[in-house]
Amino acid sequence: MAIAAVAALLPLHLGCSDAAPRWPANSLRAHPRRGGIRGRRRSPPCAANSLHPSGNPRAHHHDPAPKAPGGDVGGGRGLNGGATAKPDHAPPSQRRRASRDVEEEAWGLLRESVVSYCGSPVGTIAACDPNDASPLNYDQVFIRDFVPSGIAFLLKGEHEIVRNFILHTLQLQSWEKTIDCHSPGQGLMPASFKVRVIPLDGGDDGATEEVLDPDFGEAAIGRVAPVDSGLWWIILLRAYGKCSGDLSFHERVDVQTGIKLILKLCLADGFDMFPTLLVTDGSCMMDRRMGIHGHPLEIQALFYSALLSAREMLTPEDGSADLIRALNSRLMALSFHIREYYWLEKRKLNEIYRYKTEEYSYDAVNKFNIYPDQIPPWLVEWIPLKGGYFIGNLQPAHMDFRFFSLGNFWSIVSSLATADQSHAILDLVEAKWSDLVAEMPMKICYPALEDQEWKFITGSDPKNTPWSYHNGGSWPTLLWQLTVACIKMNRPEIAARAVEVAESRISTDKWPEYYDTKRGRFIGKQARLFQTWSIAGFLVAKLLLENPEKSRILWNNEDEEILNALSLMTGPSSPKRKRGRKTYIV
């Protein structure tokens, strides 16, 4: 309650720098009807600023690299049976020039997507397709979608937009949120926000004002909860401090309060028996019904990364001691749980295949009572001899054996995976290149739900048909997470190869949101074009491959204390192996 009280009373200084704000201090106030943030203006605003030198970056679409005759891009075979792009016989200078043209176009489009509020940049809209007559909420600034945009700007030395984004979303966090008479936790970050222009109260001269109008899920399709928003916010906050060098920014009272509110929401006691976060379907990048309710890997990897990042930024004070103790305890438990129970490779799969069931014992091998018949036929042939991955979800009597790219890549980035597990994940990507990358990186999950499974799990969702959208679609934005993971493990050639595949066609295809079909051959049937995080994800991947050291702003190093504790917990004298002793579970 003390934190909530502080949040309600603290004034937020939302200027572009530590100097005086660029608009009057009293120009921000709660909107009496919408609960948003207001900023007075006397002229109609432009939500998206066109900063491209020519004013029309879409006019520069081109075929960035001549394709070799005789087939589609990516139709060949590479090492380990993987697909490769067709060889490009153009001179190296021509290929470099084509690559530069694609990057310049991407930067023009990214800058065009920038949203301003009261004269200052505050984010990027989800998509900027001029031919989209019904943008739905794609004209809003999404927390998760802005992260690659923010990273791209940080890597370019343009820090202001990220600072403004962090502070404005921080203020939105403190607003009262009510959905059907229920108020979710105060630490909840919005899924998105929109800059709206409304007539000025009492004005008769045509004057207008801008309002920040947040969506906490109450308007979202399916009313899904934005669980990952707060986790991404903490990760971006840390990256901002490391890249800008403004480490004192983390120490601001309002920023510290925002971090604590998110942590208190995530670390709240509940009925769950496991250290993983329990969430509903649709609470992360897969924001539609896809059978990921429970303890999805993506949320756990982001949760672990956010906990480590928050621990770095929390200032030592009396009020933080209990929170830091709870945070450390959860980190250790979460690390053990994911590494021990989510990991799958051929040996582990064979072990599950031989599981005995209905074990009632402290020393049970099959702790979650997984029935061997749950092993899907595709997995028996698909699992490589070399390589492994974290499964998508784990609950009593249920394992989701699908491969989820974002959760596995961020497990590497956050050091939730061990070094051996991290290399094994990348080994699997190489071994299954034709399935996970093929003609456009990167499959959001593999394989797709089909037939009766698709009907029962998705509710016959017409957008998530097999090998489309979240159901096995290929998402170019995942390039940047793959790149960070590969650079961290000193294997950048894997990411470079994927970037080359994407670069061969993504500009010609007008930067789609996602691709359909098993090999990512077609632009998605409902994909928005000029999707901002496809553009930003490509740019971040290119920037990091050029300057690998800069990826350190995103990854977390292995925590030595956690490592030592885990070695004790898994040793032969571990208390978890003894009957009657309490285990690590928080």
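## R163 and D246

R163 and D246 are both buried in this predicted model. The two residues form a salt bridge, and their closest N and O atoms are 3.0 Å apart. This pair links distant parts of the chain: R163 belongs to helix α4, while D246 sits in the loop between α5 (227-244) and α6 (253-266), 83 residues apart.

## Other salt bridges

A search of the whole structure finds 26 salt bridges. One of them joins the side chains of R111 and E158, at 2.8 Å from N to O. R111 is in helix α2 (residues 92-112) and E158 is in the loop between α3 (143-155) and α4 (160-173), so the bridge connects distant parts of the chain, 47 residues apart. E158 has a relative accessibility of 28% and counts as partly exposed.

D461 and R288 form another salt bridge, with 2.9 Å between the closest N and O atoms. Here too the partners come from distant parts of the chain, 173 residues apart: D461 lies in the loop between α14 (451-458) and α15 (479-488), and R288 in the loop between α6 and α7 (297-313). With a relative accessibility of 7%, D461 counts as buried because the limit for that class is under 20%.

K443 is located in the loop between α13 (433-436) and β12 (445-446).

The side chain of K443 does make a polar contact with the side chain of S474, at 3.3 Å. Beyond four places in sequence, K443 touches a set of residues including S405, D435, L436, W467, G472, G473, S474 and L478. T517, K518, R519 and G520 are also among the residues that K443 touches.

## D215 at the end of a strand

D215 lies in strand β8, which covers residues 208-215. D215 has a relative accessible area of 8% and is therefore buried, the limit being under 20%. A polar atom of the D215 side chain lies 2.8 Å from the backbone nitrogen of G217. Neighbours within four places in sequence aside, D215 is in contact with Q140, P190, A191, S192 and A220.

Notes: Residues are numbered from 1 along each chain as its sequence is written. This is a predicted model: local features need pLDDT of at least 70, side-chain atom pairs count only at pLDDT 80 or more; totals for chains, interfaces and linings use all residues. Side-chain values use heavy atoms; hydrogens and water are left out. Helices (H or I, at least four residues) and strands (E, at least two) are DSSP runs, numbered from the N terminus. A polar contact is a pair of N or O atoms within 3.5 Å; within protein, one must be able to donate a hydrogen and the other to accept it, and residues adjacent in sequence count only if both atoms are side-chain atoms. Contact means heavy atoms within 4.5 Å. Buried means under 20% relative accessible area, exposed over 50%, partly exposed in between (1.4 Å probe, protein chains only). A salt bridge is a side-chain nitrogen of Lys or Arg within 4 Å of a carboxyl oxygen of Asp or Glu.
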